[in-house]
Amino acid sequence: SSWRFTFYLIAFIAGMAVIVDKPWFYDLREVWKGYPIQSMLPSQYWYYMIELSFYWSLLFSIASDVKRKDFKEQIIHHVATIILISFSWFANYIRAGTLIMALHDSSDYLLESAKMFNYAGWRNTCNNIFIVFAAVFIITRLVILPFWIMHCTVVYPLDLYPAFFGYYFFNFMMVVLQSLHIFWAYLIIRMAQKFITGKVVEDERSDRDETDNSEEEEEAAKNGPLCNGHPVLNNNHRKTD
């Protein structure tokens, strides 16, 4: 959690530094101005390479992580993200790509910081950060992404050039990613409902056959709503021999 928090926070700050002074950050029509002949800045290059490397590392490490109900969804998410980053690079969708990556990083560092406070036993701090995380996640991935970013990638390009294979493929992968966001938002809302009503909160993704039901589960219930996992959390790790 510590190293992921460090990466996501630095990546979010770096992403904002890359795009905050660009005209397409304020006017999404500027994303396609001059396309496909658009220059690439060194900052955009490094931002892409670091993000792509990180998601490859997540894909390789997920096999050794605790398996949960959304294991397949996690695999789909990482593969879709890698394909989107790679394809947007080859198709010179770099301006749209930097916006999408920065948007995703805006909530992930909150998730990891909440998990760290949970492990440290700072339950109130953990719970407060969870509320902020849930709000940011829903606003960025269920509002800004579909109604601003996806509108930019689906509607605006057609005003400048006819649709081609890359246009359909990129937007299809964006729909896949958005479907996963809706799935995870549903889990987050269920967590929030239990949290607000004072019920014992455990990971909505946890599978009873894949987690230990003894003292580890009791300890996880004491620790609060945020534990290990993404995007909804639990301390229930499988015991090792």
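Q: How many salt bridges does the count come to in this model?
A: This is a predicted model, in which local features need pLDDT of at least 70 and side-chain atom pairs count only at pLDDT 80 or more, while totals for chains, interfaces and linings use all residues. Residues are numbered from 1 along each chain as its sequence is written, and side-chain values use heavy atoms, with hydrogens and water left out. A salt bridge is a side-chain nitrogen of Lys or Arg within 4 Å of a carboxyl oxygen of Asp or Glu. By this rule the count is four.

Q: Which residue forms a salt bridge with Arg29?
A: The closest N and O atoms of this pair are 3.5 Å apart. The pair links distant parts of the chain, 130 residues apart, with Arg29 in the loop between α1 (2-19) and α2 (42-61) and its partner in the loop between α5 (123-154) and α6 (165-197); helices here are DSSP runs (H or I, at least four residues), numbered from the N terminus. The partner of Arg29 is Asp159.

Q: Is Arg141 buried or exposed?
A: Arg141 meets Asp108 in a salt bridge, at 2.9 Å from N to O. This pair joins helix α5, which holds Arg141, to helix α4 (residues 94-120), which holds Asp108. Buried means under 20% relative accessible area, exposed over 50%, and partly exposed in between (1.4 Å probe, protein chains only). Because its relative accessible area is 2%, Arg141 is buried.

Q: Why does Asp21 count as exposed?
A: The side chain of Asp21 meets that of Lys22 in a salt bridge, 2.8 Å from N to O. Lys22 counts as buried because its relative accessibility is 11%. Asp21 counts as exposed because its relative accessibility is 55%.

Conventions: Helices (H or I, at least four residues) and strands (E, at least two) are DSSP runs, numbered from the N terminus.
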